[in-house]
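Please look through the sequence and the model shown here before reading on.

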Amino acid sequence: MKETIYTIPVNDAYDSECDCPICLLKQRSEEKELDYYLGPSLMEPDTRVITNKTGFCPNHMAKLNKRVTNRLGLALVLHTHLLDFDSDISEDLKNSAPNKASLFKGRSSDYKHVLNSLADRIDKRVASCPICEKMNDSMSHYNETIMYMFSHDSVFHEKFCNCKSHCLPHTASLLRSAATRLSQNDASDFVTAIASSNKSSFDELEKDVEWFTLKFDYRNKEKPWGNSKTAIQRSMKFLSSDGGDFVDS
Ligand SMILES: [Zn+2]
Ligand SMILES: [Zn+2]
């Protein structure tokens with residue numbers, strides 16, 4: 001099968017030992033974007049026009065802060081974003097304070113609408129994020145590529161069927177992609193493979209988390225942990241996808 005910019009990372013992710021290849025693709029795409037927004041993007045006027053407007057969502061703001069590289073670049077982006085946000089909302093915020101009701105001027109509920117719509121505007125701006133947008137775009141291409149390779153590339157087909165697991169959020173995204181892109185026969189193999197690996201993941205995690213809880217019983221104190229020490233983190237990754245926040249304790 002012809003290699004594209006998406007088939008190589010997809011193959012790499014499915015070749016690697018991980019709990020969810022799509023989480024891995026997502027992490028790699030996020031790393032790439034974080035590098036870009038702390039590096040080359042700062043020199044690109046077109047990108048700066050966008051980040052002046054959008055800033056970054058709270059999740060990516062925290063991830064940018066965690067990287068200690070290029071503090072000056074981060075400060076420059078934040079400075080222009082603060083100026084833009086300030087000029088957009090500060091005046092409206094001041095003007096949205098309602099007049100006080102008095103004997104002469106009755107009560108009015110108009111202010112409630114004004115406050116709610118300003119709050120919506122602020123929320124929308126806080127959530128807007130070019131990193132999220134680019135990642136969503138990449139992930140939708142990866143999903144498309146997985147579907148195409150599953151139907152046209154027998155080596156990948158086999159690889160997918162032998163994949164250890166997918167987390168639940170990515171199981172849902174795979175099912176959606178299968179519903180729109182796979183024929184009924186391909187969907188049959190695809191869903192059978194996912195159902196089997198998912199069930200194994202549930203069984204393994206249920207057993208490991210249960211043993212984690214049983215280790216708190218003094219009678220089990222001396223017995224080996226087995227795989228249970230990381231059971232909480234692995235369960236959280238399976239239930240909510242791996243954003244890199246669940247560090248094994
Ligand atoms: Zn995942
Ligand atoms: Zn974001």
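## A walk through the predicted model

Helices H1 and H2 cross in a right-handed manner, where a crossing is left-handed if the near helix is turned anticlockwise from the far one by less than a right angle, and right-handed if clockwise. The contact between them is formed by Pro9, Val10, Ala13 and Tyr14 on the H1 side and by Pro21, Leu24, Leu25 and Arg28 on the H2 side, two residues being in contact if their C-beta atoms, placed from the backbone, lie within 7 Å. Sorted by class, this contact of H1 with H2 holds seven nonpolar, no polar and one charged residues; here Ala, Val, Leu, Ile, Met, Phe, Trp, Tyr, Cys and Pro count as nonpolar, Asp, Glu, Lys and Arg as charged, and the others, Gly among them, as polar.

This is a predicted model, in which local features need pLDDT of at least 70, side-chain atom pairs count only at pLDDT 80 or more, and totals for chains, interfaces and linings use all residues. Residues are numbered from 1 along each chain as its sequence is written, while chains are lettered from A and ligands numbered from 1 in the order in which they are written.

H1 covers residues 7-15 and H2 covers residues 21-37, and the two pack at an angle of about 130° with their axes 8 Å apart. Axes are lines fitted to C-alpha atoms, for helices over the stretch in contact, and angles run from 0 to 180 degrees between N-to-C directions. H1 and H2 are therefore oblique to each other, since angles under 35 degrees count as roughly parallel, over 145 as roughly antiparallel, 65 to 115 as roughly perpendicular and the rest as oblique.

What does the secondary structure of the protein come to? It comes to eleven helices and zero strands, and the pattern read along the sequence is α-α-α-α-α-α-α-α-α-α-α. Helices (H or I, at least four residues) and strands (E, at least two) are DSSP runs, numbered from the N terminus.

As for overall dimensions, the C-alpha atoms of the protein fill a box of roughly 75 × 55 × 40 Å along the principal axes. The protein has a radius of gyration of 24 Å, whereas a compact globule of 249 residues would have one near 18 Å; the radius is taken over C-alpha atoms, and the globule rule is 2.2 Å times the number of residues to the power 0.38. Of the 249 residues, 19% count as buried, a residue being buried if 20 or more other C-beta atoms lie within 10 Å of its own, exposed if 12 or fewer, and partly exposed in between, with C-beta atoms placed from the backbone. Among contacts with a separation of 6 or more, 72% are between residues 24 or more positions apart.

Ser201, Leu205, Asp208, Val209 and Phe212 of H10 meet Ala231, Ile232, Arg234, Ser235 and Phe238 of H11, which divide into six nonpolar, two polar and two charged residues.

Arginine 234, found in helix H11, is buried, because 22 other C-beta atoms lie within 10 Å. Leaving aside neighbours within four places in sequence, arginine 234 is in contact with Asp19 and Leu205, and its C-alpha atom is separated by 9.9 Å from that of serine 201, 33 residues apart along the chain.

Asp19 is also touched by lysine 164, which touches Ser197 as well, not counting residues up to four places away in sequence. Lysine 164 lies in the loop between helix H8 (154-161) and helix H9 (168-181) and is partly exposed, with 13 other C-beta atoms within 10 Å.

Two residues remain for their backbone angles. Most residues other than glycine have a negative phi. Asparagine 70, however, has a positive phi near 50°, and is found in the loop between helix H4 (58-66) and helix H5 (71-95). Serine 241, in the segment after H11, has a positive phi of about 75° although it is not a glycine, and is buried, with 22 other C-beta atoms within 10 Å.
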